[in-house]
Amino acid sequence: MPEESTSQLAVRVKGVTKAFGSGDTRTVALKGVDFDVRLGELMMVVGQSGCGKTTLLSVVAGTLLFDEGEIEVFGSKLHSMKQGAITEFRKRNIGFIFQQFNLIPTLTVKENVSVPMLIGGMRRREAEKAAAEALARVGLGDKLNARPSMLSGGQQQRVAIARALVHEPRLIICDEPTSALDSETGHKIMDLLHDVARSPERCVIIVTHDNRVFHYADRIAEMEDGRVRRVTAGNHDSNAAVPTQA
Amino acid sequence: MYHIALRMLLGDKAKYIMLVSGLTFAALLMSQQCSVFFGIMSWTTSHMRNMRASIWVVDPKVEQINEVKPLRDTDINRVRTVPGVAYAAPLYTGLLQARLADGSFKQIQMVGLDAGTMVGRPSRIIEGHLEDLRLPNTVLVDTDSIKKLSTGRRKPLGVGDVFEINDREARIIGICIADKSFTGAPYVFATYDQALRYAPPTRKMLSFVIAEPVAGMTARQVADQIHQETGLRAFTEDEFFWSTIWWYIRNTGIPISFGTTIILGLVVGIAVSGQTFYSFVLENTRHLAALKAMGASTWLLSRMLLLQAFTVGFIGYGIGIGLASLCGFMFLRKGQPPFIMPYQLPLATFGLIVLICTFAALIGIRRVAKLEAAIVFRA
């Protein structure tokens, strides 16, 4: 991990709790999570199903309100911001990559990628120009007018990456980005995300089950029963899995 | 983002067609049925348009123009003596039977006009001269009579041709254009005395007294005066029109029948478009949640949903009104059913379609407002 990028915190999570339901059906998904991510870092969050990975990702992204604790992203305190301000913050600072890509099937690839720019208020022509450039960067410059259904799974995930990056957010949130892909395509996608995380102004958080890609992580946060049990440094020289079960 | 909203809508062809069809159906049903209803209502008052008069004097129990309770012959002179009456004339109306060339019979709407003044005469005479009505056994017929009474003839009836009314000769001296009567019977005009000769005799034959006020007095004032002096009921033209319309609304099943269909159109429109739009929003929940996660506010997503709802609404409205107009065009060429589409009707239909679309959009907006962006991370 580059020396200069370890000094600044991009994300700071302190004592965050989140429960769903009430009474007998109350389930505590996060039980006082402490966690941080540095600038220029690719952080993986791993753990068994139901351990709270996705909930943690959701609260860090500001898409889910939490009950207690503090979350600070690039100095902005999400715990003291109103919903409208959080939405505005997400629009400017966060890019999303989803497990099922979540590309709108009736739009072309270029239109899909232009969506974050349009949400940001950019004009259609300029947004599509930026989208075309982002697609060229992920090697899909020749698929601008294709529909998502005409692309392979790997190509669709690259479109999703272009969409996540097009407005140059500082935090990229990825939810199982390789789980729907074969091994070779998964590695290509991870290479791309690894390159994205190299920027000193940016960081990437990946929630994954996929132990084939653990070695791309700069650090790995292992979750268990709603808590981060330990954070270990990644091993870029090996593609061996860390001892966390999928 | 608006073109994205439209692309999402148009991309789901099945739902798009369903939504447009539902709203087309609603717009068509509401506007077409209302037009036919207005047409039928206008037929009920066609006497008033074919025989214009400022004041209509009738028996005290009469409520509408198609209900005739004859007056005494002397009532005409009683009306004439009322201060404020410029002139008053007798008018006969009745359904009689005409014999056609092939031996069959058709009902006709006989109108007997005062021979001296010809007050109540049709305004649009397209052939012949009204004055010739003073000749014996003569009638003036409307264009509908030409169509209906020409059955069994080699060529249609025209000026100079003869047919029979109640076994009496009737020679056509002119042709006019008249609004259709409520019963569908074509109008045949004669002088008052001639009409009484065609009609089966009864004790009283005077259907109406029609009158005009003197200059400086309103029809309402003179009508009041006539009522006070004679005890007869006197309507102004406008009052008689609305009294007739309300009589049909109160005493016939016409408004309930049409009203049911019109409400059905509205309900079906709301149900189909509301349900389809909601299911469209449900199917796009993940995409909408993704947009929300990417920073789209509820207000932006609501505007997108409103645009989608109003797009299908306006397209459905356009097609629906177009089809209703086409129906009207075909009905008017055929002559029935009656069809009147005043400009207020498309406006009102537009208002209802906007209401339906707003309702459909609000269902979606409610869903979007409650939508948690975090669901996009759930499997």
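Start by selecting strand β3 of chain A, residues 42-47: the strand is mostly covered, with six of its six residues buried. Here "buried" means that 20 or more other C-beta atoms lie within 10 Å of a residue's own; with 12 or fewer the residue is exposed, and in between it is partly exposed, the C-beta atoms being placed from the backbone. The strands and helices on this tour are DSSP runs numbered from the N terminus (H or I for helices, at least four residues; E for strands, at least two).

A word on what you have open: this is a predicted model, where local features need pLDDT of at least 70 and side-chain atom pairs count only at pLDDT 80 or more, while totals for chains, interfaces and linings use all residues. Residues are numbered from 1 along each chain as its sequence is written, and chains are lettered from A and ligands numbered from 1 in the order in which they are written.

**Stop 1: both sides of β3**

In a regular strand, side chains alternate between the two faces of the sheet. Colour L42(A), M44(A) and V46(A) for one side of β3(A), then M43(A), V45(A) and G47(A) for the other; they are all buried, so both faces are covered.

**Stop 2**

Two strands count as paired if DSSP finds at least two bridges between them. Click on M43(A) and look for I205(A), its bridge partner in β8(A).

Next, bring in β9(A), which pairs with β3(A) in the parallel sense over five bridges. Which residue of β9(A) is the bridge partner of M43(A)? It's R219(A).

**Stop 3: a hairpin**

Stay with β9(A), residues 219-224, and select β10(A), residues 227-233, as well: these two pair in the antiparallel sense over six bridges. Zoom in on A221(A), and you'll find V231(A) of β10(A) standing opposite.

Two residues sit between the strands of this hairpin. Pick D225(A), in the loop between β9 and β10 of chain A. Most residues other than glycine have a negative phi. D225(A) isn't a glycine, yet its phi is positive, about 50°. Is D225(A) buried or partly exposed? It counts as partly exposed because it has 13 C-beta neighbours inside 10 Å.

**Stop 4: a covered helix**

Select helix α1 of chain A, residues 53-61, where nine of the nine residues are buried. Among them are K53(A), T54(A) and L56(A).

**Stop 5: over to chain B**

Go to N166(B), in the loop between β6 (162-165) and β7 (168-177) of chain B. N166(B) is another non-glycine with a positive phi, about 50°. With 14 C-beta neighbours inside 10 Å, N166(B) counts as partly exposed.

**Stop 6: where the chains touch**

Show both chains: 22 residues of chain B are in contact with 24 residues of chain A, contact meaning C-beta atoms, placed from the backbone, within 7 Å. On chain B's side, α1 (2-11) and α10 (285-293) each supply at least two residues.

**Last stop: confidence**

Colour chain B by pLDDT, the predictor's confidence in each residue, from 0 to 100. The chain B mean is 88, and 99% of its residues reach 70 or more. Within chain B, confidence is lowest in helix α9 (residues 254-283), at a mean of 82, and highest in strand β8 (residues 187-191), at 94. The model scores ipTM 0.79 and pTM 0.74.

Note on methods:
Two residues are in contact if their C-beta atoms, placed from the backbone, lie within 7 Å.
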